[in-house]
Amino acid sequence: MSIPVWFLTLPGVMALDVTGPAETLKLAAGAFSLRYIGPQATVISSTDMAIGNIEPLPDALPDGSILVVPGSYDSSVCYDTPQALTAQHWLSRLQPAIHARKITLVCVCSGTVLAARAGLMYGVQCTTHHDVLARLRAAAPGALVKENRIFIEDRGIWTSAGITAGIDLALHLIQRLCGLPVALAVAREMVVWFRRSGDDPQLSPWLSHRNHLNPAIHRAQDLLIQQPEKSWQLEEIAARVHVSSRHLTRLFRQHLGISVRDYHEQLRLAVARQRVNQGEGAERAALAAGFSSSRQLRRAEQRWQD
């Protein structure tokens, strides 16, 4: 069953704040169903494009929904309109469900300011476009405003920086809700970088070294991620991705600055650490990750600590 996503669409909405996340979520193998709601049936966006067939604001949203609040081309003007004030009061009524995490709130760019005016950001770590940070602080003095963030999450409320950051946030939501392979496939389809958040340590073995567009390397990485515990031989990987072993080695060095073996070992280390964190002993965790023993695991850990 798909996850319902509701885009609050107001006059003056930043077009890419809507279309960027919407296109990203739409490519996620049918995992999301998209709806567009607002107090007005047709609006003019930041690009003078008319957006029509906007549904009226519902009395409530079903549990499990994602509510996206895009930004506007000028929040100092657009959020003082009658339509924005109507939307602000509507958001205020959703506060209990949002704070109870029955609804996931996603604010793109200056959409955080509208949510703040609705009282949703008090005591919440949040961010917005760098040009709007002062306006956000004024709208919600009790908000914990963070600078220099692509996006940030606090108790089920997600906020992002300007414009294209909405795509980064949408990719991260897909990774959270649908898994890393789906998110990587969407990023490749869109020909965009799959960037990790600075607030996501521990994800680097899975997400690092993916900021390239070489299809052979992506295929090799997908193979290794699917079965990191397997004793992959370079020749087998190369054959599976339809290049020679020498060429695959050269591609990894050229685009990633790392060998195929070292990339594979980083994935195995991540698996072992996950299992240890879940309470498994070092020996069992090492074997499950494809190491021959806990001793070999320790040697690998020492190599990457040096």
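I call a residue buried when its relative accessible area is under 20%, exposed when over 50%, and partly exposed in between, with a 1.4 Å probe and protein chains only. Helices (H or I, at least four residues) and strands (E, at least two) are DSSP runs, numbered from the N terminus.

I note that this is a predicted model, in which local features need pLDDT of at least 70 and side-chain atom pairs count only at pLDDT 80 or more, while totals for chains, interfaces and linings use all residues. Residues are numbered from 1 along each chain as its sequence is written, and side-chain values use heavy atoms, with hydrogens and water left out.

**Entry 1: whole chain**

I counted 15 helices and 10 strands in the protein chain. The C-alpha atoms fill a box of roughly 65 × 40 × 35 Å along the principal axes. Of the 306 residues, 49% are buried. I then looked at contacts, meaning heavy atoms within 4.5 Å. Among contacts with a separation of 6 or more, 60% are between residues 24 or more positions apart.

**Entry 2: strand S5**

How many residues of S5 are buried? I found 5 of 5 in this strand, residues 65–69. In a regular strand, side chains alternate between the two faces of the sheet. I checked both faces of S5: Ser65, Leu67 and Val69 are buried on one side, Ile66 and Val68 on the other.

Next I looked up pairing, which takes at least two DSSP bridges between two strands. S5 pairs with S1 (residues 3–8) in the parallel sense, over 3 bridges. S5 also runs parallel to S6 (residues 103–107), joined by 5 bridges. Leu67 stands opposite Trp6, and its bridge partner in S6 is Leu105.

**Entry 3: helix H8**

Which residues of H8 (residues 180–190) are buried? I list Leu180, Ala183, Leu184, Val186 and Ala187. They sit on the same side of H8 because they cover an arc of only 160° around the axis, taken from the directions from the helix axis to the C-beta atoms. An α-helix has 3.6 residues a turn, so residues three or four places apart point the same way. On the other side of H8, I found Pro181 and Glu189 exposed. Val191 follows H8 and has a positive phi, near 55°.

**Entry 4: Leu136 and Thr112**

I found Leu136 in helix H6 (residues 133–139). Leu136 counts as buried because its relative accessibility is 0%. Leaving out residues up to four places away in sequence, Leu136 touches Thr112, Val113, Ala116, Cys126, Thr127, Thr128 and Val145.

Thr112 lies in helix H5 (residues 111–117). Thr112 is also at 0% relative accessibility, so it counts as buried. Beyond its neighbours within four places, its contacts include Cys107, Met121, Leu136 and Thr159.

**Entry 5: largest pocket**

On a 1 Å grid over the protein atoms alone, a pocket is an open set of points where a 1.4 Å probe fits, with protein on both sides within 12 Å along at least five of seven lines; lining residues have an atom within 4 Å of a point. Volume is the space filled by probe spheres set on the points, joined across faces, edges and corners.

The largest pocket holds about 350 Å³. Of its 17 lining residues, Trp232, Arg261, His264, Glu265 and Arg268 are the closest to its centre. Helices H11 (234–240), H13 (260–277) and H15 (294–305) each give two or more residues to the lining. H13 gives the largest share, 5 residues.
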